[in-house]
Amino acid sequence: MFFTVPTLLTWTRIVAIPLIVGVFYLGMEPRLQNLIATVMFVAFALTDWLDGFLARRLNQTSAFGAFLDPVADKFLVSASLLVLVNLGRADVFVALIIIGREIAISALREWMAQIGASRSVAVHMLGKVKTTVQMVAIPFLLFDGVLFGLIHTGRWGAWLIWLSAILTVWSMIYYLQKALPEIRKRVH
């Protein structure tokens with residue numbers, strides 16, 4: 001199951017990282033850089049939905065795909081946040097909250113899986129909402145312009161990325177509360 005269509009789509013999100021970052025080093029006009037990076041981010045982010053759909057539809061789900069999918073998402077989001085911090089469009093504190101939470105919850109999930117309690121930290125709707133807000137905020141911040149003559153994406157993106165940071169902390173607290181009974185059983 002290493003080279004199925006869904007897994008290859010997941011790999012594209014990892015391959016996308018140097019492409020999105022690289023756009024800002026090509027010396028193009030800034031608005032063109034912003035547009036290209038935004039279109040690439042949105043296209044690659046959509047593969048997250050598509051790979052899951054195809055895995056179920058083609059009956060090509062696998063343990064490797066289930067592992068790689070969230071890793072690819074976290075890499076794509078983290079790299080994009082670092083680009084945005086570098087460009088001065090996202091606060092470093094927001095990036096630390098979001099990236100730090102991803103590391104902490106990934107480690108928690110790994111530990112819970114090792115002790116046979118992974119159900120206690122299964123993906124919850126709050127985590128999905130957090131991810132959705134991130135996936136809207138990041139392209140808004142990458143674009144950093146006026147959309148349809150009405151929407152200042154930089155302003156909206158700034159609000160949304162802070163909302164995402166709040167949801168990030170909230171979801172981390174939720175997962176830690178769910179894991180706490182199992183942790184208490186095993187920590188002496």
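Guide: Gladly! A salt bridge is a side-chain nitrogen of Lys or Arg within 4 Å of a carboxyl oxygen of Asp or Glu. This is a predicted model, where local features need pLDDT of at least 70, side-chain atom pairs count only at pLDDT 80 or more, and totals for chains, interfaces and linings use all residues. Residues are numbered from 1 along each chain as its sequence is written, and side-chain values use heavy atoms, leaving out hydrogens and water.

Visitor: Which residue forms a salt bridge with glutamate 182?

Guide: Both partners lie in helix H6 (residues 153-186), three residues apart, about one turn of the helix; helices are DSSP runs of H or I with at least four residues, numbered from the N terminus. The closest N and O atoms are 3.4 Å apart, and the partner of glutamate 182 is lysine 185.

Visitor: Is lysine 185 buried or exposed?

Guide: Buried means under 20% relative accessible area, exposed over 50%, and partly exposed in between, using a 1.4 Å probe and protein chains only. Glutamate 182, at 17%, counts as buried. Lysine 185 has 58% relative accessibility, so this residue counts as exposed.

Visitor: How far apart in sequence are the parts that arginine 13 and aspartate 69 tie together?

Guide: These two form a salt bridge, with their closest N and O atoms 2.6 Å apart. Arginine 13 lies in helix H1 (residues 5-23) and aspartate 69 in helix H3 (residues 63-86), so the parts they tie together are separated in sequence by 56 residues.

Note on methods. Helices (H or I, at least four residues) and strands (E, at least two) are DSSP runs, numbered from the N terminus.
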